[in-house]
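This briefing describes a two-chain model for computational work. Please examine the sequence and the structure below before reading the grouped points.

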Amino acid sequence: MRFQPTETQLRRVAAVLQVIESCGGQDRAASISAGCGYDRELDERLCNTAELAGGDNLDRYLVAEELARAGVAATFGLRGLLSDLLPAALPHGPIAVLDVNRHGPTRFAAAAPVLVVLDGDEAHVLDSGEFAVEKETESFGYPYAHIRSRGGGVTLPQGTAERLRSRWRLALIAEIAGNAESAIAGTSAHLCDRVQFGRPLSSLQALRHRLADAGVSAESVRWLGREAAYFDDLRRVVRAAWCASDTAAALVPELVQMCGARSFTLEFGLHVYTMRMGGARLELGSTDRLGAELDQITELVESGSGADRF
Amino acid sequence: MRLGAENDGWRVVRTALSHERIGGPRYARAMLVTQRLWQIARERQWCQRDGVRSRFAHAEASCEAARLLVYQAIDARIDGRSEDREVSLARVAIVRAERCVAELVLSLYEDESLDRGSMGNAQLKTSMIAGLGGGSVEVQLNMIARALLGSEASPR
């Protein structure tokens with residue numbers, strides 16, 4: 001894996017930013033994000049951008065990371081990472097993912113024309129006529145809904161469920177990495193601008209060290225995620241997911257604390273990143289859950305029985 | 001003998017320190033300890049204890065993150081790009097990994113770590129010096145903060 005983006009990757013990231021700009025720019029995106037909405041128009045334009053079609057897993061991961069960094073309410077990142085594992089002719093719009101062994105609400109379920117259902121080793125794809133939802137109060141920066149009933153849908157080939165779950169996690173890791181970077185940048189700007197007792201907060205070493213620590217954690221998630229995407233390997237993804245979940249849990253209260261009470265306001269804008277990080281890590285699962293899964297995979301690898309899968 | 005050109009000493013110092021900071025792959029040793037310990041933990045049923053599996057994931061993710069951040073710094077060096085920030089990020093990640101693994105070994109082996117030559121004893125002592133070699137971890141945090149905040153707002 002290279003540590004500098006390729007020309008293709010740079011072009012794809014630039015295309016993402018151009019589409020956001022052509023769709024009303026950051027202000028419009030921020031206003032939709034502030035209301036926990038879904039940016040259908042932006043998603044549609046991203047889907048229709050030729051530059052963003054195809055690509056390898058890392059290319060698509062980097063797009064998901066960039067969308068999260070920009071703080072938009074689009075689902076194109078997740079869609080891109082799942083796309084090669086799903087039937088080709090899916091309608092445009094968000095793809096919602098439901099793990100039947102989890103009981104929380106599903107992100108974008110009310111807006112999604114497609115629901116991917118992960119049920120142990122099986123995966124099914126349902127269209128909007130095959131499932132019913134009940135909207136949840138919007139929070140954590142995105143619209144959520146509970147799936148109340150569902151039909152059987154189309155069953156995907158054996159082995160797809162495991163890979164879909166892994167790609168879903170990659171999308172969440174990318175989101176946490178992108179959100180963390182923007183949240184740290186916002187916190188940095190606040191520490192430089194905010195003057196207390198005659199000097200900027202950024203001159204206080206107690207805060208500088210905490211911010212630097214946050215920076216190391218965010219950088220760790222970024223590279224563990226990118227490496228996992230590059231190898232598209234289940235074990236690396238779980239390891240990166242553990243780090244992302246742990247980092248999001250630590251960073252959210254830490255960055256809010258450093259920004260003070262103004263970070264509670266919508267106008268300040270930090271919530272776009274912190275609340276989404278909070279939601280993404282809950283969707284990803286706790287570190288206990290992910291740690292147990294990594295242990296299981298490790299045991300399978302050591303016993304030789306999972307050599308073909310991991 | 002003078003190293004480098006006159007009045008260019010700070011650059012030489014920074015270059016030497018940046019090589020020292022990431023020159024020793026301490027994360028690789030810590031990863032080997034983690035992997036060995038994981039096997040032992042299974043044999044001794046330690047993985048059934050609350051939170052132990054998550055702590056193994058933490059240790060492994062920390063070592064792997066340190067490795068990637070070191071590689072990132074080396075990549076910047078090879079390309080001739082500024083590497084100060086990357087080296088400091090990597091150095092802090094190395095220290096974190098060493099300490100994380102040490103704490104895991106000690107918590108599992110408990111009093112067995114009192115024996116000189118035990119895994120816990122060795123990892124503890126390795127981790128204790130990790131935050132000091134090549135400039136203290138606090139200096140690395142200062143350098144990362146400078147990269148994030150700019151140099152205008154110097155610490156007091």
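**Overview**

Read along the sequence, chain B follows the pattern α-α-α-α-α-α, that is, 6 helices and 0 strands; helices (H or I, at least four residues) and strands (E, at least two) are DSSP runs, numbered from the N terminus. The model is predicted: local features need pLDDT of at least 70 and side-chain atom pairs count only at pLDDT 80 or more, while totals for chains, interfaces and linings use all residues. Residues are numbered from 1 along each chain as its sequence is written, chains are lettered from A and ligands numbered from 1 in the order in which they are written, and side-chain values use heavy atoms, with hydrogens and water left out.

**Chain B as a whole**

- Taken along the principal axes, the C-alpha atoms of chain B fill a box of roughly 60 × 35 × 35 Å.
- Of the 156 residues in chain B, 47% are buried (under 20% relative accessible area, with exposed over 50% and partly exposed in between; 1.4 Å probe, protein chains only).
- Among contacts in chain B (heavy atoms within 4.5 Å) between residues at least 6 apart in sequence, 71% join residues at least 24 apart.
- B:Glu110, in the loop between helix 4 and helix 5 (119–130) of chain B, has a positive phi near 45 degrees although it is a residue other than glycine.

**Interface of chain B and chain A**

- The two chains bury about 3500 Å² between them, 60% of it on carbon and sulfur atoms; buried area is the accessible area (1.4 Å probe) that two parts lose on being put together, summed over both.
- The contact takes 40 residues from chain B and 38 residues from chain A.
- The rule finds 9 salt bridges across the interface, a salt bridge being a side-chain nitrogen of Lys or Arg within 4 Å of a carboxyl oxygen of Asp or Glu.
- One salt bridge joins the side chains of B:Arg85 and A:Glu219, at 3.1 Å from N to O.
- On the side of chain B that touches chain A, the elements giving two or more residues are helix 2 (26–43), helix 3 (52–79), helix 4 (84–109) and helix 6 (137–149) of chain B.
- Helix 3 of chain B supplies the largest share of that side, 15 residues.

**Sheet in chain A**

- In chain A, 3 strands form an open, antiparallel sheet in the order 2-6-5; two strands pair if DSSP finds at least two bridges between them.
- Strand 2 (106–107) and strand 5 (131–135) of chain A are the edge strands, each pairing on one side only.
- Strand 2 of chain A is joined by 2 bridges to strand 6 (residues 144–150) of chain A, where A:Tyr144 is the bridge partner of A:Arg107.

**Cores and buried residues**

- The largest nonpolar core has 110 residues, of which A:Tyr61, A:Leu86, A:Leu164, A:Ile173 and B:Phe56 touch the most other members; such a core is a set of buried Ala, Val, Leu, Ile, Met, Phe, Trp, Tyr and Cys residues joined through side-chain atoms within 4.5 Å.
- A second, separate core of 15 residues includes A:Val19, A:Cys23, A:Leu67 and A:Ala70.
- A:Glu65 lies in helix 4 (residues 57–70) of chain A and counts as buried because its relative accessibility is 1%.
- Leaving aside neighbours within four places in sequence, A:Glu65 is in contact with A:Ala174, A:Ala177, A:Gly178, A:Arg222 and A:Arg226.
- A:Cys36, in the loop between helix 2 (25–34) and helix 3 (40–47) of chain A, has a positive phi of about 55 degrees although it is not a glycine; at 12% relative accessibility, A:Cys36 counts as buried.
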